[in-house]
Amino acid sequence: MNRFVFACYSNCDRFFGTFSLLLVCGVLSLADVSFAQTAANSPARLPPDLGQRQTGVDWPVFLGPTGDSKSSETGIISPWPAEGLKVVWDKPLAESYCIGSISRGRMLQPDYDDGTAILYCWNAETGDPIWKFTYPSDYQDMYGYNSGPRCSPVIDENRIYLLGVEGMLHCLDLNDGAVIWKVDTNKTFGVIQNFFGVGSTPVVHGELLITMIGGSPQEDHALPPGALDRVTGNGSGIVAFDKRTGQIRYKFSDELASYASLKLAKIGSRDWCFAFARGGLIGFDPAAGKQDFFFPWRASILESVNASVPVVVGNQVFISEAYGPGSALLKVSANQDAQVVWQDSDRSRTKAMQTHWNTAIHHDGYLYGCSGRHLYNAELRCIDWKTGKVRWSEPELTRTSLLYIDNHFICLGEDGTLRLLKANPDRYEEISKLVLRTPESAGIAITDERTDQQTRLIKYPAWAAPIVSHGLLYVRGKDRLVCLELIPKTQKPN
């Protein structure tokens, strides 16, 4: 794989002259990075803010601005009225699992339809279309799941970073969706298809876009599909790109990729990034790409995946999975191996927490999350952060995802049921429950499970955690995104 170093010039002729020379000399390959705009180091051209709601914050990245699925907004409606929350707008979706991101009054929602990957840009408050970006995608899921994107867009100033299920990484302009640069990460780094494609959302740190890639040497590409127990790494487990140009800044680790998105944190005066890769947790310096430690943690069965984002509190990191070992709480320090505070016993079937694709939320010394791999054994739990002791468990909610806001949790079941819960470490405390129905189902008697699912606006599988921005709650299921008013509207002054 080629690397390149170049200076961006304000004079476009000089820039493209240098760019062409690098191509001719073989220093730069279009397979590595391609450009569709002028010099990438030009000042950010921010679009106007379309938002009209006076209070609240944007939700520009996966799990929100603080990276932990916690919202700082207050004043939510509680309890919810008998008729439910007001539906502000909703949009049909084709095939995808992720929920979008919000910045400057714009909702960026990925989707997929019949060989075409899509990024919709809608007005976040009205649902009105602004622009649409598409590109061809030939991903086919080997386990029969849908072929749509798994990663949420990452919005940074005027740029959007979009990582597709087939491995295409695009940097787009928030103004109009124009391509700034792109990289075919699967081709560039030799990625062998994971069980469910690419699903770890990147993060921005300073001038870097840090991604979990997990490529393999050429000889491993002759292995049969799905034989990940025999696939090795080629030093591209973690790859950092220059966020403005797509240039590779560093890469390291032979770990393969997982479905857990990266986690940035500051511990003391030090910046950290944590990658819960296929084989375990990598702790590293995000600026330099220097690994501090690796903590092995995954089930021994071939089909196991790590998909839950690490939770960081102080100098401790919590990791969890649903296929075997369960959870562990680690104490980390620079240039030292992680020290175990507590961990689930491999000899016991009873585990403190086994998060599957949801990420647990820490609040006031306790951890709340869905524990269980399957629908039949999933429980919503609260455990003590320091000890892992289970405080309470609530079964029969299906597998759920959480959003914390205003001393409450919004809990979305995979069947599309919304619940408002009090953040209470002593007991499960449900305040409200809401099942959204399609307008066409008004007056239809719900007599069986099939009718119940057919008439739901949010249908199974609802696997993306809800998000909140400027008082609006966004939830999605199999084929629809719905925007609800969670906090009464306050207009921005003219």
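User: How are the strand labels in this structure assigned, and in which strand is the place of Gln-109?

Analyst: Helices (H or I, at least four residues) and strands (E, at least two) are DSSP runs, numbered from the N terminus. By that scheme, Gln-109 has its place in strand E5, residues 106-113. The model is a predicted one, in which local features need pLDDT of at least 70 and side-chain atom pairs count only at pLDDT 80 or more, while totals for chains, interfaces and linings use all residues. Residues are numbered from 1 along each chain as its sequence is written, and side-chain values use heavy atoms, with hydrogens and water left out.

User: Does Gln-109 count as buried or exposed, and what does its side chain reach?

Analyst: Buried means under 20% relative accessible area, exposed over 50%, and partly exposed in between, with a 1.4 Å probe and protein chains only. Gln-109 counts as buried because its relative accessibility is 0%. For its partners, a polar contact is a pair of N or O atoms within 3.5 Å; within protein, one must be able to donate a hydrogen and the other to accept it, and residues adjacent in sequence count only if both atoms are side-chain atoms. The side chain of Gln-109 reaches the backbone oxygen of Cys-98 at 3.1 Å and the backbone nitrogen of Gly-100 at 2.8 Å.

User: How should I read the largest nonpolar core, and which of its residues touch the most other members?

Analyst: In soluble globular proteins, nonpolar side chains tend to be buried together. A nonpolar core is a set of buried Ala, Val, Leu, Ile, Met, Phe, Trp, Tyr and Cys residues joined through side-chain atoms within 4.5 Å. Here the largest core has 37 residues, of which Met-107, Ile-410, Leu-418, Leu-473, Tyr-474 and Leu-486 touch the most other members. Among the elements that give two or more residues to this core are strand E6 (116-123), strand E29 (408-413) and strand E33 (472-476). Another core, of 17 residues, lies apart from it and includes Trp-181, Val-191, Val-239 and Ile-248.

User: Which peptide bonds are cis, and where do Leu-63 and Asp-364 lie?

Analyst: The bond from Ser-78 to Pro-79 is cis, with omega near -5°, and a cis bond also joins Tyr-460 and Pro-461, where omega is about 0°. Pro-79 is in the loop between strand E2 (70-71) and strand E3 (87-92). As for positive phi in residues other than glycine, Leu-63 has a value near 65° and lies in the loop between strand E1 (34-35) and E2, whereas Asp-364, at about 55°, lies in the loop between strand E24 (361-363) and strand E25 (366-371). Leu-63 counts as buried because its relative accessibility is 7%, while Asp-364, at 62%, counts as exposed.

User: How is a cavity told from a pocket, and what lines the largest cavity?

Analyst: On a 1 Å grid over the protein atoms alone, a cavity is a set of points where a 1.4 Å probe fits but cannot get out, and a pocket is an open set with protein on both sides within 12 Å along at least five of seven lines; lining residues have an atom within 4 Å of a point. Grid points are joined across faces, edges and corners, and a volume is the space filled by probe spheres set on the points. The largest cavity holds about 70 Å³ of space, and its lining includes Leu-63, Ile-99 and Gly-100. The largest pocket holds about 820 Å³; of the 35 residues that line this pocket, Arg-150, Tyr-259, Ala-307, Trp-357 and Trp-463 are the closest to its centre.
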